[in-house]
Structures are given as structure tokens and as C-alpha cells.
Amino acid sequence: NMKTQHILMLALVFALLAFGQAGCKRGGKQNTGTDGLTLEQVSGAPPSQVSKGQDFRFMVTLENKGGYDVKPGEAQVFLGGFFPELFSVAQSDLVKPNTVELKKAVRTSGVSGGRENIVFASNARYVGQNVNYDQKISYKSCYIYESDVRADICFAFENSQVCSLGTGEKDKEGKLASATIDDGPLQITSITEERSGQNVQVKFVVENKGTGKVYAPTANCATPEPFFENAFLAQIETEEPLDCRPTLSGEKTGEGRIASTILCKRNMQGSDEHVSPIRFRLRYKYVETSEATLKVTE
């Protein structure tokens, strides 16, 4: 049954894509990590309950669990959900950047990424009149991130001796097995190739696999513009004369959209069949939110 075979082949290609060069672990499925920077609430900062006049801290920990080094100032964390003056917190303390480089993690080798404690206020205290109520607190992280995919692409026509187009169906030997995907929330979930006249077409699809929202790198972290949502900057690095218009604005660079297919063509006229490495770089802002509750007592 061709259809079942096709689905099986696609599953195999995705499995191989996910394995990258970490090698095939038989039986077990090893997926690419989908975390970038994670924001962890710190127990006791704030405590789950505070009384009037008690000093406490507002603090979170940022940890890099993905494959991109976040430079100082490329992340911002926002504290909100309440009137800061009620808790003796200055308006200017509600947003803090990372001050050190948060190095990428190498999950496959068990190397942890960079961490930083972000302190909004070290001596907050409740100065309001009301007591015995639950105060909602929200945290938002917004950071620049890049996802990197490197793959060997076959530039040939159907019945080539050199390589076979990675179309899922015909890709009996899993030619996409040599793709490596960095850990991160934005991922290329499909790379396919096909012949179209004199051209070999390479198509790829990008999806958000994390728990937050993707925005174009130029989005404003404080209030991300809705028209930048689900957009990212795609850059394709290759020696090949690829043309990715009209799906990208330049020949090999431009804005991509989540879940839409980006199409690149390579005219094969007068060119020998060959395999060539291509690097796809995706740059974007990622926004995640989390909440907590603070009980205010006498």
C-alpha cells in the first residue's frame, strides 16, 4: 500500500531528522529539545505568604536550555500583575535584562547552559491597608533566540546515481539523516526536495514547538505588536545559487511565517548532480509567561 508506505517513510525521515548526528538509538526515540531560555520562580522570593511590613525579595532564575548563546541584554524579564507601589517596588524595577552571557546548553553531552538570578527588588514590603487577600503576580520573559539546522541536500534529478531527492516517498535510504537540529523552541519540522522542470526545489516548514509565542526579532518586548506574531527571520547559508523568492524577501533571507512552506529553487542547467550542505538559521523573539499567587496577611 503506497499511502501507508509514504506515511512510514515520512515518519522515518522525521525520526532521522530528530536523531541528527547523535546516532540512531534503536528502539528509543530521541527528540530535539524544545526549550530556549526557561524562567524559574524561586521558592521564597516572594514567599507564598507575607504579612504587613515584612521584607522579602522578588526574584526569578533564567536558564538557557537550548542551542544559542544569549548575549547580555538579549533577554528581558517583566514583573507585573499588581500595583508596584503597594509593595514598595519602583516602576523602573519591573523590567530587568540579563547582565551576563547565558551560554547554550549541550543536552546530548549533559552540559548545562548559563544561569542568572534576576532580582527585581531585594527589599519589597507590603504597605497597603487591605489584608487577607490573594495577590496575583505575573512574570514574562522575552528574548532573542536562534535555531540552527544543517542538512545535506541532494541537487540531482530523479534517477540519479549520486543521491536521491529527500521527498519522504522516494527517500528510501533516509538521505536527510545527516541533518542536525539545535535545541530550541522554533524548529524545522520538514525538509523536502522535488524536481520542477530545470529546477530542484527545496521546501521547508518551520513550527513553534515550545510553550510560548514567536515574534519577529524587531518586536517590542514590553508590548509585542500583533502583526509581528508568528514571524521570524530566515537566513539560508549555502554556496548554491538558491533563489527563495517570493517566500523570502531577499534571495536567501527574509521574513518567514510559522507553519507556511518556504520554497527555494536551484536551476540545475549545466550543473552536475551533487550533494551540498545548507544551513538554515532562524532568528526570532520568544515570549513566555507564568503566574504565581502571594497571600497578604496581617
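1. Let's start with a cysteine pair: both Cys142 and Cys221 are buried. The two are joined by a disulfide, with an S to S distance of 2.0 Å. Bear in mind as you read on that this is a predicted model.

2. Where does this pair sit in the chain? The bond links distant parts: Cys142 is in strand 7 (residues 133-155), while Cys221 is in the loop between strand 11 (213-215) and strand 12 (231-237). The partners are 79 residues apart. As for handedness, the torsion about the S-S bond of Cys142 and Cys221 is about -70°, so this disulfide is left-handed.

3. How many disulfides does the structure hold? There are three.

4. Next up is the bond between Cys154 and Cys163, whose sulfur atoms are 2.1 Å apart. Is this link left-handed or right-handed? With 75° about the S-S bond, the link of Cys154 and Cys163 is right-handed. On burial, Cys154 and Cys163 are both buried.

5. Then there's Cys244 with Cys264, a disulfide with its sulfur atoms 2.1 Å apart. This pair links distant parts of the chain: Cys244 is in the loop between strand 13 (242-243) and strand 14 (253-257), and Cys264 is in strand 15 (residues 261-267). The two cysteines are 20 residues apart.

6. Staying with that pair, the torsion about the S-S bond of Cys244 and Cys264 is about 105°, so the disulfide is right-handed. Are these two cysteines buried or exposed? Cys244 is buried, and Cys264 is too.

7. Why does Thr297 count as buried? Its relative accessible area is 16%, and the cut-off for buried is under 20%, so Thr297 falls on the buried side.

8. Which residues does Thr297 touch? Leaving out residues up to four places away in sequence, Thr297 touches Gln49, Val50, Ser51 and Lys52, along with Val131 and Asn132. If you have the model open, those contacts are a handy place to look around Thr297.

Methods:
Residues are numbered from 1 along each chain as its sequence is written. This is a predicted model: local features need pLDDT of at least 70, side-chain atom pairs count only at pLDDT 80 or more; totals for chains, interfaces and linings use all residues. Side-chain values use heavy atoms; hydrogens and water are left out. A disulfide is a pair of cysteine sulfur atoms within 2.5 Å. Helices (H or I, at least four residues) and strands (E, at least two) are DSSP runs, numbered from the N terminus. Buried means under 20% relative accessible area, exposed over 50%, partly exposed in between (1.4 Å probe, protein chains only). Contact means heavy atoms within 4.5 Å.
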